[in-house]
Amino acid sequence: MESVLTSEYRRLSRDPATQQPLAYLRLRQAIRNVIDQRGIEPGQALPSERDLSQALGLSRVTVRKAIGGLVEEGLLTQRHGAGTFVAERIVKPMSRLTSFTEDLRARGLNPRSEFFERGIGEVTPEEAMAMNLSPGAPVVRLHRVRYAGDEPLAIERSVVPASALPDPALVHDSLYEALEQRGCRPRRALQRLRAVLLTAQHARLLHVAVGSAGLAIERRSFLDDGRIVEFTSSWYRGDIYDFVAELQTD
Ligand code: 16G
């Protein structure tokens, strides 16, 4: 029987709208689509490299290249000797400045937020220091629980200068989308990450036991001209997220 993956690859190869001449990128897209449509569920294995290359008439090198990119992105994981699987934990590469919404959509998940606060106010002295703002500057504050479908994954408190985002109502699902529309999407960020035990309040919002492991992350993001456009404190569930960084020697 033809696998969902081979038929999706064939479909993309025939589809004039795809316009992707490189086979490894076409295969990468086919894998993404199949995961998106839940044709292969998290935790399930992909067909082996050899089976894929035979079924699709592609070289092993091409198949490996297609898969390698998705392993780097965290969509697939490889277990030595066992094969390649659709990632169960959410693997988040630390080298790319992406948003919660983009990360989840890329995994075929449905991101949504519950807002506790979406308002405008004056910057506090601590925030002014952290964000290089003058005392009293107006800022937008967002306090959200972030979900994949019904599953809460993270709590986030964001502070954004009103010069970049004058109206909190501009943020619907995604802060970065709202900033992008204003031409203020961050280009660079500094991120600090530490392990924490989730407090009773955070644990309740995240539907986990009090004292479960969490990751407290602070992100300060910058525009091209060096202005800080976001100061966000996040608490991510430690039982679901892996943060992965690529390291290189000088
Ligand atoms: C991520 C960022 C957070 C950013 C948010 C924007 C981490 C640890 N944090 O959650 O700083 O504000 O994405 O997401 O990655 P949004 O555009 O979906 O609102």
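Biologist: Which residue makes a side-chain polar contact with the side chain of S113, and at what distance?

Modeller: A polar contact is a pair of N or O atoms within 3.5 Å; within protein, one must be able to donate a hydrogen and the other to accept it, and residues adjacent in sequence count only if both atoms are side-chain atoms. Here the side chain of S113 meets that of R146 at 3.1 Å. This is a predicted model, in which local features need pLDDT of at least 70 and side-chain atom pairs 80 or more, whereas totals for chains, interfaces and linings use all residues. Residues are numbered from 1 along each chain as its sequence is written, and side-chain values use heavy atoms, without hydrogens and water.

Biologist: Where is S113 found, and is S113 buried or exposed?

Modeller: S113 belongs to strand 4, residues 111–122 (strands are DSSP E runs of at least two residues, helices H or I runs of at least four, numbered from the N terminus). S113 is buried, with a relative accessible area of 17% (buried is under 20%, exposed over 50%, partly exposed in between; 1.4 Å probe, protein chains only). Beyond its neighbours within four places in sequence, S113 is in contact (heavy atoms within 4.5 Å) with R144, V145, R146 and D173.

Biologist: How do strand 1 and strand 2 pair?

Modeller: Strands pair if DSSP finds at least two bridges between them. Strand 1 (residues 76–79) and strand 2 (residues 83–86) are antiparallel, with four bridges. R79 has G83 as its bridge partner in strand 2. Three residues lie between the strands of this hairpin, where G81 has a positive phi near 80°.

Biologist: Over which ring does the charged end of R79 sit?

Modeller: A charge sits over a ring if NZ of Lys or CZ of Arg is within 6 Å of the ring centre and within 35 degrees of the ring normal. The charged end of R79 sits over F85, 3.9 Å from the ring centre. R118 lies over the face of F115, with a distance of 3.7 Å.

Biologist: How many aromatic pairs does the whole structure hold?

Modeller: Rings of Phe, Tyr and Trp (its six-membered ring) pair if their centres lie within 6.5 Å; planes under 30 degrees apart are stacked, over 60 edge-to-face and the rest tilted. The search finds three pairs. Among them, Y236 with F243 is edge-to-face, at 5.7 Å centre to centre and 85° between the planes.
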